[in-house]
2 protein chains.
Amino acid sequence: MSTMQEVANKAGVSKATVSRVLSGKGYVSKTTKDRVYKAIEDAGYRPNLLARNLATNKSQCIGLVVTNTLYNGNYFSELISQAAQKLEDHGRQLILVDGKHSAEEEQEAIQFLLDLQCDAVIIYPRFLTIDVMDDIIEQYKQPIMVVNRRLRKNQSQCICCDHKGASFNATKHLIEQGHRDIAFITGSLDSPTAIERLSGYKEALNQHHIEVQDKLIIKGKWTPASGAAAIESLLNNKVTFSAVLASNDDMAIGVIKKLTEVGIAIPTDVSIIGFDNIPTAPYLTPSLSSVKDPVSNMVSEVINRLISMLDGGYLSKNNLFTSELLVRDSVAYGPFWGK
Amino acid sequence: MSTMQEVANKAGVSKATVSRVLSGKGYVSKTTKDRVYKAIEDAGYRPNLLARNLATNKSQCIGLVVTNTLYNGNYFSELISQAAQKLEDHGRQLILVDGKHSAEEEQEAIQFLLDLQCDAVIIYPRFLTIDVMDDIIEQYKQPIMVVNRRLRKNQSQCICCDHKGASFNATKHLIEQGHRDIAFITGSLDSPTAIERLSGYKEALNQHHIEVQDKLIIKGKWTPASGAAAIESLLNNKVTFSAVLASNDDMAIGVIKKLTEVGIAIPTDVSIIGFDNIPTAPYLTPSLSSVKDPVSNMVSEVINRLISMLDGGYLSKNNLFTSELLVRDSVAYGPFWGK
DNA sequence: TTGTACGCGTTATCAT
DNA sequence: ATGATAACGCGTACAA
C-alpha cells in the first residue's frame, strides 16, 4: 500500500536508509533504526516484491510446471508436497503453474515462469519433446531441470527413472510365480514412460522365452476407467490370463473394480501389479502390489541440485533412480500371490 | 535475456514503438511493425514480467494458498485442478503457494502473494483465524476471497458450505435405516469443519431422542491411519456400534481397512459413511457412501466473483453451498445398507 | 506515425 | 552513519 518513500518521509530519513534497515546491510544507528521500524509499523508498509526482484534480479522463487491432466492422480500430491517441503527447507517459495494439456501450453507455462524471473524452473513434462526442452534450457540464463525425461544435450539438467528396468523386474516376478499369460495394460502411448514400461514387459517375456501375445496387450489412458475398460475387453474376447500388469496404480484399481464386479476373485484367480505406488496407496488399495516410482527421491535430488547451482554447496551426480517392487501382504482379499 | 531497448536498437526505432507493437495499442505502420517483429525474433526477446507488472500494476496472476497438510488428501487435487481450469478460462494464471503448517506460515504465504502484486488471492485456510483474515482483507487493496470459512466482517469475501447440515442429514439417514449406536470419528478438532460436522451429528441424535454417547465419539486426525486407530479403540473397549460416520473419506477408508482386518464384514455388520467425496472416489472406495463436499462449486464461485471484481460483469450472491449425500450401490462387498 | 521523458518501487554505488 | 542518484525493464502521456 504505502511505499518505501512514504516510510522514509514519516521517519525523516531517506529511502536509502529505510532500505538499509530492511536488508540489514550497511551501518545504521540504533536510534534511526528504531524510528524507521516505527514508521514501517505505522504506515503498515509492505515491500513491493516486483520492484525488489526487478532491482536485485533475484526472486527466491522456484517454478514448477505440471500438466493438469496429472492433478487428479495420486502421483501429483506426492510430487507437490515433496517439492514444497524441500524448497521450504532452503528458504525458497514454490510456484506451481498449470502446464494445461498440450505441448504448446506446457512451453508457455515454462516461459511464463522464466519471464517472471523465477530463480529456477522445474519441469515435470507430459507432452513436451526433449528437443524443445533442450532448446529452452540453452536459451535462458536461469537453471532449468527436467524430471522424468532423458535429455539429449543437457544431460546434467535432468533426472529420470529406469521405468523399463522396473517393468522388467515386475514382469520377471510374475513369471517366477509361475504366470505365463500376463496381460499388460499400457499408459497413454504418447508418453515415454508408457513406452518404457511396455518395452520392459516385452523384454522380460523374451528373456524367458515366453511369446509376446498382442491380444494380451491393451491400451489404457492412465485412468481407473480405462483400466476397467481394458480388462473388460479381455474378458469379452475370452482371452486367457492369470496375471495383470497395469502401467499405473489407478488403472490397476480400475482392473480390480471390474474383476470383482464380474465375480472373479482377485487373489485366487488373478495376480495384479501396478506402478507408481505412493505412501497412502496401502489404504486405497490394501492388497495391490505395486512398483514404487521414486518421485520423492527424484524431486528431492532435482531441488538439491538447483539450490547448489544457486547457492553453491551441495553436489551430486545421481541422474538415474531405480524403482522398487513392493509386494504387499494381502489384507482384505487373501494372498495375492498364492496360486 | 535481451531487453526491449536492444530490440529497439536492432529495429532502428524507439522503445516506445516496440512497446506499442507488443501491446497492440496505438498506431504503428505495417513496415516498422514487421521490422520490429523481426528484431524481436532475432534477439530472442522475451518481456520481463516483473518490469511490466511493476509499470502496469497488474499481473494477470491469481494466488492460491493451501496448507501442505492438505496436499496428501483427495480433496487437494480436486481443489487445484478446478481452480486452474477455471482461471485458464478467464486468461489468468494460477499461482499456488504453500501455506505450510501453521497460522503464521499461512499468513506469510498470503502476504507473499500480495507483495508479489497478484491481482487477487484465494485462501483455503486451515489454521488461520477468521479475525486475522478479516484484518488482512481490509489491509490490502487486492481482492481476497476465503473458501470454507464464515468471516465476521467481510461476509461477501467468503464462500462456505453447510457442514453441520450435511452431517445432520447423514446421521439422520443412518437413523432412518434403523441404526441407534452410531460411532462418530471426528476430524482434527482445531478445524472448524470438524467441529461443525460433530455438532450436526449430535443435533440429529438429539432431534431423534437418541442419547449422545461419549464413548461412541472418537477423535481422529483426518488421516486413514487415525480412522483405523479410532475403530480399533472402539473394538478394544468393546463398544457396541452398528454404523460409523467418519468425518472424511480418508478416515472412513482406514475404518474399512481395520474392520476387514479383524474379520468384520463391512456391509452386513456395519454401515459406514464418509465425507468429502470426490470424483475418483468410487474407484478408491467402491462401496463407501459419502457426503459430497461441494469444493468444485465453491472454488468455481469464488473465481467467478474475483473475475467480476477485476473485469466487471458476472455477479452472484450465493455464499452458502450445500452438500449432497451419496449412497452408493455396493459393488464388491454386498449391500452396505442392507440390515 | 513515431520519439521523448517520466514513473513504477526497489537496490546499490557513490559521495558526504 | 546517512543522503543523492543512477540503475532495473517496461508502459504511457505528451510532444513532435
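This is a predicted model: local features need pLDDT of at least 70, side-chain atom pairs count only at pLDDT 80 or more; totals for chains, interfaces and linings use all residues.

A polar contact is here a pair of N or O atoms within 3.5 Å.

| Residue | Protein atom | Distance to a phosphate oxygen of DNA strand D |
|---|---|---|
| A:Ser29 | polar backbone atom | 2.7 Å |
| A:Thr32 | polar side-chain atom | 2.9 Å |

Two or more residues each are given to the surface near DNA strand D by helix 2 (15-23) and helix 4 (49-56) of chain A and by helix 2 (15-23) and helix 4 (49-56) of chain B. Helix 4 of chain B provides the largest share, four residues. By class, the surface comprises twelve nonpolar, nine polar and four charged residues. Of the 25 residues around DNA strand D, those that come nearest are A:Thr17, A:Ser29, A:Thr32, B:Met4 and B:Tyr45. Of the atoms of DNA strand D that come within 4 Å of the protein, 67% belong to sugar and phosphate.

Within chain A, helix 1 (residues 4-11) packs against helix 3 (residues 30-43) at an angle of about 125°, the axes being 9 Å apart. The two helices of chain A are therefore oblique to each other, and helix 1 passes helix 3 in a right-handed crossing. From helix 1, A:Val7, A:Lys10 and A:Ala11 meet residues of helix 3 that include A:Arg35, A:Val36 and A:Asp42. This contact has six nonpolar, no polar and three charged residues.

Technical notes:
Residues are numbered from 1 along each chain as its sequence is written. Chains are lettered from A and ligands numbered from 1 in the order in which they are written. Side-chain values use heavy atoms; hydrogens and water are left out. Axes are lines fitted to C-alpha atoms, for helices over the stretch in contact, and angles run from 0 to 180 degrees between N-to-C directions. Angles under 35 degrees count as roughly parallel, over 145 as roughly antiparallel, 65 to 115 as roughly perpendicular and the rest as oblique. A crossing is left-handed if the near helix is turned anticlockwise from the far one by less than a right angle, and right-handed if clockwise. Contact means heavy atoms within 4.5 Å. Ala, Val, Leu, Ile, Met, Phe, Trp, Tyr, Cys and Pro count as nonpolar, Asp, Glu, Lys and Arg as charged, and the others, Gly among them, as polar. A residue is near a molecule or strand if one of its heavy atoms lies within 4 Å of it. A polar contact is a pair of N or O atoms within 3.5 Å; within protein, one must be able to donate a hydrogen and the other to accept it, and residues adjacent in sequence count only if both atoms are side-chain atoms.
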